[in-house]
Amino acid sequence: MLVQLYNVSKTYPNGVKALNDVSLKIDRGEFVFLMGQSGAGKSTLLKLLYREELPTRGQIFIASRSVVRMKAGEIPMLRRNIGVVFQDYKLLENKTVFENVAFAMQVVGGNRHDISRRVEETLRLVGLRDKAGCYPSQLSGGEQQRAGIARAIVNRPLIVIADEPTGNLDADTSWEIMDLLQEVNKNGTTVIMATHAQEIVRRMQKRVVFLKEGSVVHDSLPEEFIA
Ligand SMILES: Nc1ncnc2c1ncn2[C@@H]1O[C@H](COP(=O)(O)OP(=O)(O)OP(=O)(O)O)[C@@H](O)[C@H]1O
């Protein structure tokens, strides 16, 4: 199993209980949607996976390593294994598309030649080769999200985590992004995506984990979930 959560709870310092006794397993190569109302705990669950937050209780393993007990020196390895895609892209405005994607490789180390080659290859994959020299403000929302995906996959992670990646995009552009995430998944990367987009979930026919008030209330394929 690639991702394992055992009895995970998260209470924020202000007393808000975001997750309550969540146990979950995700296999290598899966595509999993996380659904649930606003405040159900989707983003919190994702943040626990890439160690942006620590659980109050429970254990989390990624590729058999405890994320909770991980030493500071192991965190860069975790970050290399997990690429994160955000609703608001979170690109660095003062860097070009090329530099944004290259930066993700620079922070985990790598020589200039490898970085340059791999960034070009990744930008080609996401269809942004012609925009490599553009700044984020010069791109459409869909293009910015492609750059966000390029940044997330450039280190060839085991897992791509996407937190409402289509939340700011129109329907057609959302589907382009979903096609791209599906391609990433077909290449063997596990994709875990939080979303409110019911139409996307219905059409993709993938596993759906449904959170309600911090607990998993459904975990199934969409036909079952809609029924
Ligand atoms: N840093 C924080 N400090 C305190 N409370 C927080 C923090 N982050 C989230 N919360 C609270 O935890 C609960 C779960 O939030 P979370 O963002 O995980 O939900 P979500 O399902 O992702 O919601 P949305 O669909 O609106 O993004 C909410 O009540 C939220 O207000």
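Strand 1 and strand 4 (residues 57-62) run antiparallel and are joined by five bridges. Strand 1 (residues 3-11) also pairs with strand 2 (residues 17-26), again antiparallel, through six bridges. This is a predicted model. The chain averages a pLDDT of 95. A ligand sits among twelve named residues, listed below. The chain is divided into two domains, domain 1 and domain 2.

**Confidence**
- Of the residues, 97% score a pLDDT of at least 70.
- For the complex, the predictor gives an ipTM of 0.97. The pTM is 0.96.

**Strand pairing**
- Leucine 5 has isoleucine 60 as its bridge partner in strand 4.
- Glutamine 4 stands opposite lysine 25, a residue of strand 2.
- Strand 1 and strand 2 form a hairpin with five residues between the strands. In this hairpin, glycine 15 takes a positive phi near 95°.

**Threonine 56**
- Threonine 56 lies in the loop that links helix 1 (42-49) and strand 4.
- Leaving aside residues up to four places away in sequence, threonine 56 touches Ser9, Lys10 and Thr11.
- Glycine 127 is 71 residues from threonine 56 in sequence. In space, their C-alpha atoms are 41 Å apart.

**Ligand surroundings**
- The residues around the ligand are Tyr12, Asn14, Val16, Ala18, Gly36, Ser38, Gly39, Ala40, Gly41, Lys42, Ser43 and Thr44.
- Which element gives the largest share of this shell? Helix 1 does, with three residues.
- By class, the shell has seven polar residues, four nonpolar and one charged.

**Two domains**
- Domain 1 covers 1-81 + 158-226, and domain 2 covers 91-156.
- Their C-alpha centres lie 23 Å apart.
- The contact between them takes 13 residues from domain 1 and 10 residues from domain 2.
- On the side of domain 1 that touches domain 2, helix 2 (75-81) and helix 6 (171-186) are the elements that give two or more residues.
- Helix 6 supplies the largest share of that side, five residues.
- That side of domain 1 divides into seven nonpolar, three polar and three charged residues.

Terms used
Residues are numbered from 1 along each chain as its sequence is written. This is a predicted model: local features need pLDDT of at least 70, side-chain atom pairs count only at pLDDT 80 or more; totals for chains, interfaces and linings use all residues. pLDDT is the predictor's confidence in each residue, from 0 to 100. Two strands pair if DSSP finds at least two bridges between them. Helices (H or I, at least four residues) and strands (E, at least two) are DSSP runs, numbered from the N terminus. Two residues are in contact if their C-beta atoms, placed from the backbone, lie within 7 Å. A residue is near a molecule or strand if its C-beta atom, placed from the backbone, lies within 6 Å of it. Ala, Val, Leu, Ile, Met, Phe, Trp, Tyr, Cys and Pro count as nonpolar, Asp, Glu, Lys and Arg as charged, and the others, Gly among them, as polar. Domain bounds come from an automatic or database domain assignment.
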